[in-house]
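Thanks for making time this morning, everyone. I'd like to walk you through one model, so please have a look at it on the screen and then we'll go through it together.

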Amino acid sequence: MLILRRATRSFLSHRNTAAAACLRFVHTTSSSSNNNNNKGQVVHDAYPSRVAGSQGRKLPRVDPVVWTPKDEWSRQQFLTEEQLAEFDANGYLVLRQVFDRDELQQAQHEVNTLREEHERSLMAGGAVDDERAGSVVTQSSKTVTEPDTGVLKSIFAPHEISTVLRRATTHRDVVGAVRELLADDVYVHQSRVNFQRGFVGRGFNWHSDFETWHVEDGMPRARAVSTVVLLEANLPVNGPLMIVPGSHRHFVSCAGETPKENWTRSLKHQEVGVPDEAIVAELCRTYGINQVLGEPGDVVIFDCNCLHASNSNISPFPRVNLFTVFNAASNALVQPFGDGIDQVRPEHIAHRNNMTIVASE
């Protein structure tokens with residue numbers, strides 16, 4: 001059974017503090033009542049990036065990958081010792097057929113309904129009034145379109161729009177696995193449905209999600225994971241997720257500063273927070289590139305700091321995935337770490353106020 005409760009825990013100290021040589025210090029000014037315990041707190045910046053005058057560089061990761069102590073791996077309920085070791089080594093894991101036929105069909109139907117509603121809205125230039133959640137989804141907020149065609153690309157916060165997708169997001173087996181990886185209570189930092197339509201679905205550049213969440217959202221440490229529920233087959237030909245296995249053990253900082261309201265552009269096509277090509281090439285030569293493939297009902301879990309990308313989908317086969325980012329409750333957002341960022345990203349992109357803990361019981 002799943003239970004929900006409000007997050008009350010503040011940012012705690014972590015086991016590994018080995019990167020003192022590259023630490024910056026940020027004086028936090030939390031904008032959320034949930035983060036009042038962080039207010040005025042000096043937080044070490046173990047992962048400096050987009051700092052004025054700096055160049056992109058490769059830094060060692062200073063946090064664990066699997067936060068559950070290794071001597072407890074054999075006693076976990078949702079992941080085996082072998083699966084935990086695989087995640088620790090590669091930075092990702094594929095769980096096969098987590099969703100049964102009924103669960104999958106319900107999620108697929110709900111996503112198709114939302115897509116049709118939003119596409120009609122986008123064509124009309126209006127908004128979708130979703131009475132199921134009492135929310136309004138507009139083209140300028142929770143929906144993202146492809147930069148050149150205007151085709152629907154993403155719907156953010158679907159777990160707040162749809163009861164069916166909230167259940168899919170908080171599936172017992174998924175949340176259980178996440179909690180064993182992070183060894184903490186968890187909450188939804190972000191969720192979205194990604195549509196990579198046949199022929200027109202654009203890919204995305206190499207990047208680490210944690211770099212963005214750290215710099216633009218104020219996520220202190222690399223204690224978060226993404227889960228991806230495959231709603232359509234992820235094939236070699238339809239722009240599947242590509243991961244550099246082992247890259248999660250290196251934090252790749254990026255050069256340049258963050259433009260104001262960068263999210264209005266980066267969610268369509270990311271140009272800031274993109275690692276140096278020479279560093280990407282070095283990591284790819286060292287570790288290789290894996291395509292992450294699967295069938296509908298499979299779930300991919302990958303570490304927040306994995307270097308990953310996707311090609312455009314020029315095949316006729318659509319790729320539709322339900323993404324959820326789970327953050328550890330003890331890793332709550334503080335002030336963004338990037339230089340000159342004086343405005344946090346909207347709540348539907350990075351939850352600061354709605355930190356509802358999701359726990360398996």
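Let's start with Glu160, which is partly exposed, at a relative accessible area of 26%. Buried here means under 20% relative accessible area, exposed means over 50%, and partly exposed is what lies in between, with a 1.4 Å probe and protein chains only. Before I go on: this is a predicted model, where local features need pLDDT of at least 70, side-chain atom pairs count only at pLDDT 80 or more, and totals for chains, interfaces and linings use all residues. Residues are numbered from 1 along each chain as its sequence is written, and side-chain values use heavy atoms, with hydrogens and water left out.

Back to Glu160. What does its side chain meet in a salt bridge? The partner is Lys142, at 3.8 Å from N to O. By salt bridge I mean a side-chain nitrogen of Lys or Arg within 4 Å of a carboxyl oxygen of Asp or Glu. Lys142 sits in the loop between strand 7 (135-138) and strand 8 (143-145), while Glu160 belongs to helix 3 (residues 158-161), so this pair ties together parts that are 18 residues apart in sequence. Helices and strands are DSSP runs numbered from the N terminus; a helix is H or I with at least four residues, and a strand is E with at least two.

How many salt bridges does the structure hold? There are 11. Let me show you some that share partners: Arg50, Glu211 and Glu216 are joined into one network.

Take Glu211 first. Its salt bridge with Arg50 has the closest N and O atoms 2.7 Å apart. Glu211 lies in helix 6 (residues 209-217) and Arg50 in the loop between strand 3 (42-45) and strand 4 (57-60), so the two tie together parts that are 161 residues apart in sequence.

Now Glu216. The side chains of Arg50 and Glu216 meet at 2.8 Å, N to O. Glu216 is in helix 6 and Arg50 is in that loop between strand 3 and strand 4, so here the parts being tied together are 166 residues apart in sequence.

Glu211 is buried at 1%, and Glu216 is buried with a relative accessible area of 4%.

If you like checking torsions, stay with Arg50 for a moment. Its phi is near 55°, a positive value in a residue other than glycine. Ala157 is another one to look at: its phi is also near 55°, again positive without being a glycine. You'll find Ala157 in the loop between strand 9 (152-156) and helix 3, and it counts as buried, at 0% relative accessibility.

On to the cysteines. How many disulfides does the structure hold? The count is 0, where a disulfide is a pair of cysteine sulfur atoms within 2.5 Å. Cys304 is in no disulfide, and the nearest cysteine sulfur, in Cys306, is 8.3 Å away.

One more residue: Ile279, in helix 8 (residues 277-287). Which residues does it touch, leaving aside neighbours within four places in sequence? They are Gly56, Arg57, Lys58 and Val252, with contact meaning heavy atoms within 4.5 Å. Ile279 and Val252 are 27 residues apart in sequence, and their C-alpha atoms are 7.8 Å apart in space. With 10% relative accessibility, Ile279 counts as buried.

Let me finish with the whole protein. It has 8 helices and 19 strands. Of its 361 residues, 57% are buried. Looking at contacts between residues at least 6 apart in sequence, 83% join residues at least 24 apart. The accessible surface, from the Shrake-Rupley method with a 1.4 Å probe, comes to about 15000 Å², and 50% of that belongs to carbon and sulfur atoms.
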